[in-house]
Amino acid sequence: MSSTSSSIADLRKSYERAELSEDASQADPLRQFDQWLTEAIAAEVPEPNAMTLATVGSDLRPSTRVVLVKGYDARGLVWYTNYDSRKGRQLAGNPFAALQFHWVELERVVRVEGRVEKISDEDSDTYFHSRPLDSRIGAWASPQSQVISGRSVLVANAAKYGAQFLLQPPRPPHWGGYRLMPERWEFWQGRRSRLHDRLQYAREPGATEGWRRDRLAP
């Protein structure tokens with residue numbers, strides 16, 4: 001074993017910032033998520049809206065990447081990306097995914113699982129046109145997840161589409177939003193002695209509303 005591996009194995013952290021109890025948590029997981037995200041923003045956690053998105057391809061192999069949640073409500077959590085990307089292709093074949101937020105500084109994790117759908121073209125248009133110009137051009141310039149010969153391809157594409165669209169690039173047909181509709185939530189709060197708090201919210205079998213809240217062993 002290398003010295004680096006040995007030092008990693010020896011890393012320890014005591015989690016002592018907060019607790020998560022049934023009495024102090026929200027009955028609705030969306031309200032609990034909103035509370036924790038609001039607290040993460042107030043604490044100036046770096047990129048508090050960053051979340052890991054896990055999808056599974058037709059080969060049954062999972063893959064992950066970090067995306068940014070850009071909206072959430074009772075319908076679910078929304079992010080935007082290239083539909084032709086690896087994650088887009090995987091979601092087209094298997095529309096189930098998992099999300100994870102990790103707010104290290106607050107010793108908190110939120111996990112969400114559910115079915116994914118594309119949002120409406122109108123909502124994708126609205127968000128796309130709110131983005132900075134460079135980001136709108138970038139959506140055209142990058143053939144996301146495809147092999148390219150070098151960065152010069154991106155620079156040349158950006159110049160081409162910048163000249164073509166000037167200040168008014170339309171939303172590319174291959175770019176838009178996804179919404180994960182939660183079927184299961186988990187909230188994790190680090191605690192001392194590795195006796196962490198884990199609260200799971202899941203739909204009752206056959207139910208379309210209301211959540212069952214259970215404590216999970218850490």
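Among contacts (heavy atoms within 4.5 Å) in the protein chain between residues at least 6 apart in sequence, 65% join residues at least 24 apart. This is a predicted model, in which local features need pLDDT of at least 70 and side-chain atom pairs count only at pLDDT 80 or more, while totals for chains, interfaces and linings use all residues. Residues are numbered from 1 along each chain as its sequence is written, and side-chain values use heavy atoms, with hydrogens and water left out.

**Overall picture**

- The protein chain holds six helices and nine strands; these are DSSP runs numbered from the N terminus, with helices (H or I) of at least four residues and strands (E) of at least two.
- Its C-alpha trace spans about 60 × 55 × 40 Å along the principal axes.
- Of the 218 residues, 38% count as buried, where buried means under 20% relative accessible area, exposed over 50%, and partly exposed in between (1.4 Å probe, protein chains only).

**The nonpolar cores**

- A nonpolar core is a set of buried Ala, Val, Leu, Ile, Met, Phe, Trp, Tyr and Cys residues joined through side-chain atoms within 4.5 Å.
- The largest one has 29 residues, and Phe33, Trp79, Trp103, Val110 and Trp185 touch the most other members.
- Elements giving two or more residues to this core include helix H2 (29-42), strand S5 (96-103), strand S6 (108-118) and strand S7 (175-189).
- H2 is the biggest giver to this core, with five residues.
- Take Phe33 as a guide: leaving aside neighbours within four places in sequence, Phe33 is in contact with Tyr72, Leu77, Phe101, Trp103, Val110, Trp185 and Phe187.
- A second, separate core has seven residues, among them Val78, Tyr80, Phe128 and Ala139.
- As background, nonpolar side chains tend to be buried together in soluble globular proteins.

**Helix H4, one face in and one face out**

- In H4 (residues 121-128), Ser124, Tyr127 and Phe128 are the buried residues.
- Viewed down the axis of H4, these buried residues fall within an arc of 100°, so they line one face of the helix; the arc is taken from the directions that run from the helix axis to the C-beta atoms.
- S4, H5 and S7 are included in what covers these buried residues.
- The face of H4 turned away from the buried side carries exposed Glu122 and Thr126.

**Helices H5 and H6**

- H5 (residues 133-141) and H6 (residues 151-165) pack at an angle of about 115°, with their axes 8 Å apart; axes are lines fitted to C-alpha atoms, for helices over the stretch in contact, and angles run from 0 to 180 degrees between N-to-C directions.
- From H5, Ile137, Trp140 and Ala141 meet Leu154, Asn157, Ala158, Tyr161, Gly162 and Phe165 in H6.
- The residues of this contact divide into seven nonpolar, two polar and no charged. Here Ala, Val, Leu, Ile, Met, Phe, Trp, Tyr, Cys and Pro count as nonpolar, Asp, Glu, Lys and Arg as charged, and the others, Gly among them, as polar.

**Loop residues to look at**

- Pro143 lies in the loop between H5 and H6 and, at 25% relative accessibility, counts as partly exposed.
- Leaving aside neighbours within four places in sequence, Pro143 is in contact with Ile148, Leu154 and Asn157.
- Ser145 is found in the loop between H5 and H6, and its phi is near 75°, a positive value in a residue other than glycine.
- Glu44, in the loop between H2 and S1, has a positive phi near 60° and counts as exposed at 69% relative accessibility.
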